[in-house]
Amino acid sequence: MTHVAEIVTFSLANSTTPEEFVKLSRASEGFVRSAPGFTHRHLSQGEDGRWTDYVVWTDMKAAKDAAAQFPQQDFCADLMAAINPESIQMRHENVLWNMTA
């Protein structure tokens, strides 16, 4: 089975601290965790200050369905206000190989 990675990279809005953003992101946990097809998620920040939200879904339909429903969730407005909208890049990719410890 081929999983699908949803990869979103972005920068925070000027007034948002990393701690605030992690707290806002955690508010989305219930929605993401309960979405059909969710397998796992990582949120990271690079040395350059850019962030990556990496979510793996069982298939493309699950990924796109969750992406379509995301903006309608109660937490979304606050989360999106913490992100510089001009910096957002989102893509869906087929996972071709996976390695774990």
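Predicted model: local features only at pLDDT ≥ 70, side-chain atom pairs only at ≥ 80, totals over all residues.

**Aromatic pairs and a surface patch**

Phe10, Phe21 and Trp51 make up one aromatic cluster. Residues are numbered from 1 along each chain as its sequence is written, and side-chain values use heavy atoms, with hydrogens and water left out.

Now the pairing rule. Rings of Phe, Tyr and Trp (its six-membered ring) pair if their centres lie within 6.5 Å; planes under 30 degrees apart are stacked, over 60 edge-to-face, the rest tilted. The count by this rule is seven aromatic pairs. Take Phe10 and Phe21: centres 5.3 Å apart, planes at 55°, so tilted. Phe10 sits in strand 1 (residues 4–10) and Phe21 in helix 1 (residues 18–26), so the pair ties together parts eleven residues apart in sequence. Helices (H or I, at least four residues) and strands (E, at least two) are DSSP runs, numbered from the N terminus.

Buried or exposed? Phe10 is buried at 3% relative accessibility, and Phe21 is buried at 2%. Buried means under 20% relative accessible area, exposed over 50%, partly exposed in between (1.4 Å probe, protein chains only).

Next, Phe31 and Phe75. This aromatic pair is tilted too: 6.1 Å centre to centre, 50° between the planes. Phe31 is in helix 2 (residues 29–34), and Phe75 in the loop between helix 3 (60–69) and helix 4 (76–81), so parts 44 residues apart in sequence are tied together.

Last, Met90. Met90 belongs to strand 4 (residues 89–94) and is partly exposed, at 43% relative accessible area.
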